[in-house]
Amino acid sequence: PTPTASPVALPTALPTAPPSPTPTPLLPSLSPVVAGRPLPLSLSGQFGANGYLTAGMVATHDSGTPIYLAASLGRRIYALNDGGEILWEVSTASPVYAMAPVGPERVAVGEDSGHVTWLTLAGKRVAQADLGRRVVALAAWQEGLLAGGWDERLTYLDSEGQVGWQADLPGPLVGLAVQPQRALAATLTGGLAAFGPDGQPI
């Protein structure tokens, strides 16, 4: 009989080496936090008011010069320059709780007595309206002024202090926000109402 040929052994293939892992990037070292480092602030001016301050704002003259207005619980409004010097002061019937710019060289202030008064940036009264209850929010809008507070109404006043319209609110007013064609009124009861330029709800 013919002898059976011996099988030829094939070499075993070497396993493929696994890829090298991507090294983890090093994070930058953190700068140590220094506690108690003083801030570069300083007091440039101060003045004494006859009571707690209840409202404040910055207005700008037509020339671009800023003027700082502050109202006190002592029923006075103060105007100050950049150096903290009092330029003028006027008395009010009651404490002021709201302020707003209302056009060139004018501001409006709302009082606890319900009065809304227009002042020039020289401190001269030019118009006044009486809403009957505390005024806590003012906003210039549609060439006039929105005002409200504890009377639970939103009132639109023109530049002469005449009432254009009034709208009832679901509670005392606490804040105003305006857009070109919409006014939003937030109330103490959590309500939010929107009105158009004609005073109608949206």
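User: Leaving aside neighbours within four places in sequence, which residues is Val96 in contact with?
Analyst: They are Thr54, Ala55, Ala71, Ile77, Val109, Gly110 and Glu111. Each counts because contact means heavy atoms within 4.5 Å. This is a predicted model: local features need pLDDT of at least 70, side-chain atom pairs count only at pLDDT 80 or more, and totals for chains, interfaces and linings use all residues. Residues are numbered from 1 along each chain as its sequence is written, and side-chain values use heavy atoms, with hydrogens and water left out.

User: Why is Ala183 called buried?
Analyst: Buried means under 20% relative accessible area, exposed over 50%, and partly exposed in between (1.4 Å probe, protein chains only). Ala183 has 0%, so Ala183 is buried.

User: Where does Ala183 lie, and what is in contact with it?
Analyst: Ala183 lies in strand S14 (residues 182–187). Strands are DSSP runs of E, at least two residues, numbered from the N terminus. Beyond neighbours within four places in sequence, the contacts of Ala183 are Trp141, Leu146, Ala177, Val178, Ala193, Ala194 and Phe195. Its C-alpha atom is separated by 6.5 Å from that of Gly196, 13 residues apart along the chain.

User: What makes S1 and S2 a pair?
Analyst: Two strands pair if DSSP finds at least two bridges between them. S1 and S2 (residues 66–72) have seven, in the antiparallel sense. In one of them, Ala55 has Ala71 in S2 as bridge partner. Strands of a sheet pair through backbone hydrogen bonds.

User: Which strands form the open sheet, and why do S1 and S4 stand at the edges?
Analyst: The order is S1-S2-S3-S4, with antiparallel pairing. S1 (53–60) and S4 (86–91) each have a single partner strand, so one side of each lacks a neighbour in the sheet.

User: What makes a set of residues a nonpolar core, and which residues have the most contacts inside the largest one?
Analyst: A nonpolar core is a set of buried Ala, Val, Leu, Ile, Met, Phe, Trp, Tyr and Cys residues joined through side-chain atoms within 4.5 Å. The largest has 16 residues; Ile67, Leu69, Ile77, Trp88, Val96, Met99 and Val107 have the most contacts inside it. S1, S2, S3 (76–80), S4, S5 (96–101) and S6 (106–111) each supply at least two of its residues. Another core lies apart from it, with 14 residues, among them Ala100, Val102, Val116 and Val135. In soluble globular proteins, nonpolar side chains tend to be buried together.

User: How many helices and strands does the protein have, and what share of its residues is buried?
Analyst: The protein has zero helices and 15 strands. Of its 202 residues, 36% are buried.

Terms used:
Helices (H or I, at least four residues) and strands (E, at least two) are DSSP runs, numbered from the N terminus.
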